[in-house]
Amino acid sequence: MTDGPLTLIEVEALARAAHEGQTDKSGRPYAEHLAAVAEGVRARGGTAEQQAAAWLHDAIEDEALTLAWLEAAELPRPVKDMILAVTKRPGEPVEAYTARILATPGALLIKEADLAHNTDPARLAVLDAPTRERLSVKYAYVRSLLGLATP
């Protein structure tokens with residue numbers, strides 16, 4: 001364990017290890033998505049805390065890490081709050097999910113970077129047409145609830 005909050009490099013290594021063996025909908029290593037979201041946050045002017053949350057944004061939802069782990073982790077409270085904000089809960093209405101993101105300082109930028117990567121045309125192109133259409137509609141609705149312009 002470290003003597004203080006985990007560094008961004010430690011968070012990246014932890015996220016990569018936690019998602020080891022997982023793939024995205026197109027069959028690519030899941031860590032590629034995490035890296036793209038973290039880079040999207042950085043490129044949009046995000047803080048180191050937002051970048052750390054970006055690396056871990058799917059860890060709880062995908063069961064790569066547990067809520068108990070997150071609560072015990074040596075991460076600043078705002079990082080934990082952003083991770084929890086962008087973690088979709090089973091059966092949760094998308095409207096409640098997006099309201100939580102909007103209510104949590106820093107979380108919107110993480111979700112914006114996540115949506116940008118999820119809707120990347122090259123990434124969507126490898127999916128079958130029904131999946132591509134379903135996800136495009138879903139992501140457009142989420143963007144509208146969050147007040148984000150369509151890319």
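**A chain built from helices**

Glu63 sits in the loop that links helix H3 (48–55) to helix H4 (67–72); helices here are DSSP runs of H or I with at least four residues, strands are runs of E with at least two, and both are numbered from the N terminus. The model is a predicted one, in which local features need pLDDT of at least 70 and side-chain atom pairs count only at pLDDT 80 or more, while totals for chains, interfaces and linings use all residues. Residues are numbered from 1 along each chain as its sequence is written, and side-chain values use heavy atoms, with hydrogens and water left out.

Glu63 has a phi near 60 degrees, a positive value in a residue other than glycine. For background, most residues other than glycine have a negative phi. Glu63 counts as exposed because its relative accessible area is 71%; exposed means over 50%, buried means under 20%, and partly exposed lies in between (1.4 Å probe, protein chains only).

Stepping back to the whole chain, there are nine helices and zero strands, giving the pattern α-α-α-α-α-α-α-α-α along the sequence. The radius of gyration is 15 Å, close to the 15 Å from the globule rule for 151 residues, so the chain is as compact as a globular protein of that length. This radius is taken over C-alpha atoms, and the rule is 2.2 Å times the number of residues to the power 0.38. Along its principal axes, the C-alpha trace spans about 50 × 35 × 30 Å.

What share of the 151 residues counts as buried? The figure is 44%. Among contacts (heavy atoms within 4.5 Å) with a separation of 6 or more, 58% join residues 24 or more positions apart.

Is Asp24 buried or exposed? Asp24 is buried, because its relative accessible area is 11%. Leaving aside residues up to four places away in sequence, Asp24 touches Tyr30 and Arg123.

Ala103, in turn, belongs to helix H6 (residues 94–103). With a relative accessibility of 60%, Ala103 counts as exposed. Between Ala103 and Gly147 there are 44 residues in sequence and 13 Å in space, taken from C-alpha to C-alpha.
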